[in-house]
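Student: Please take a close look at one part of this model for me. I would like the disulfide and its setting, told in one go.

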Amino acid sequence: QVQLVESGGGLVQPGGSLRLSCVASGSIFSIDYMGWFRQAPGSQRESVAIITSSGSTTYADSVKGRFTLSRDNAKKLVYLQMDTLKPEDTAVYYCKAGIRRSYFVTTTPYWGQGTQVTVSS
């Protein structure tokens, strides 16, 4: 079993900050990538930021310069620091990880349950 547990969502005013955390647990051989997606009401789920096992990070254009993704490989944990938040950042944020459960299997995507981020005055 593999589990991704997210924390850190909530309500914040425009211009404020939040930090999301996601930790992976269970039968894990390696984690190829970890990151965050988000889905606003009536919209498709979109990629926010992804970091690979080598530390290469990709951000959506809409969050570049405002969001910072970091990873603790030893703890199987990823953080998303979100600064200068805007109302359009309001969404459910989902953690995603590409995980190999053993040397002999390919990478499988896993999702967390989601955490709500609301940016409003």
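Tutor: First, a cut-off: a residue is buried under 20% relative accessible area, exposed over 50%, and partly exposed in between. T84, with a relative accessible area of 45%, is therefore partly exposed. The model is predicted.

Now the bond. The structure holds one disulfide. Its partners are C22 and C95, and their sulfur atoms sit 2.0 Å apart. A disulfide is a covalent bond between the sulfur atoms of two cysteines. C22 belongs to strand 3, residues 18-26, and C95 to strand 9, residues 91-100, so the bond ties together parts that are 73 residues apart in sequence. The torsion about the S-S bond is about -80°, so this disulfide is left-handed.

How covered are the two ends? C22 has 0% relative accessibility and counts as buried. C95 is buried too, with a relative accessible area of 0%. Across the protein, buried residues make up 39% of the 121 residues.

The protein has eleven strands and zero helices. Read along the sequence, the pattern is β-β-β-β-β-β-β-β-β-β-β. The radius of gyration is 14 Å, close to the 14 Å that the globule rule gives for 121 residues, so the protein is as compact as a globular protein of that length. Along the principal axes, the C-alpha atoms fill a box of roughly 50 × 25 × 25 Å. Contacts also reach across the sequence: among those between residues at least 6 apart, 57% join residues at least 24 apart.

Strand 9 leads back to T84. This residue lies in the loop between strand 8 and strand 9. Most residues other than glycine have a negative phi. K76 also has a positive phi, about 55°, and is not a glycine. K76 is placed in the loop between strand 7 (67-72) and strand 8 (77-82). With a relative accessible area of 30%, K76 is partly exposed.

Last, the surface and charges. The accessible surface of the protein comes to about 6,400 Å², and 49% of it belongs to carbon and sulfur atoms. There are 12 positive and 8 negative side chains, with the centres of the two sets 7 Å apart.

To return to your request: the buried C22 and the buried C95 form the disulfide.

Key: Residues numbered from 1 in each chain as written. Predicted model: local features only at pLDDT ≥ 70, side-chain atom pairs only at ≥ 80, totals over all residues. Heavy atoms only, no water. Helix = DSSP H or I, 4+ residues; strand = E, 2+ residues; numbered from the N terminus. Rg over C-alpha atoms; globule rule 2.2 N^0.38 Å. Buried < 20%, exposed > 50% of the residue type's maximum accessible area, 1.4 Å probe, protein only. Contact = heavy atoms within 4.5 Å. Areas by Shrake-Rupley, 256 points an atom, 1.4 Å probe, with all protein chains shown as cover. Lys, Arg positive; Asp, Glu negative; His and termini not counted. Charge placed at Lys NZ, Arg CZ, Asp CG, Glu CD. Disulfide = S-S within 2.5 Å.
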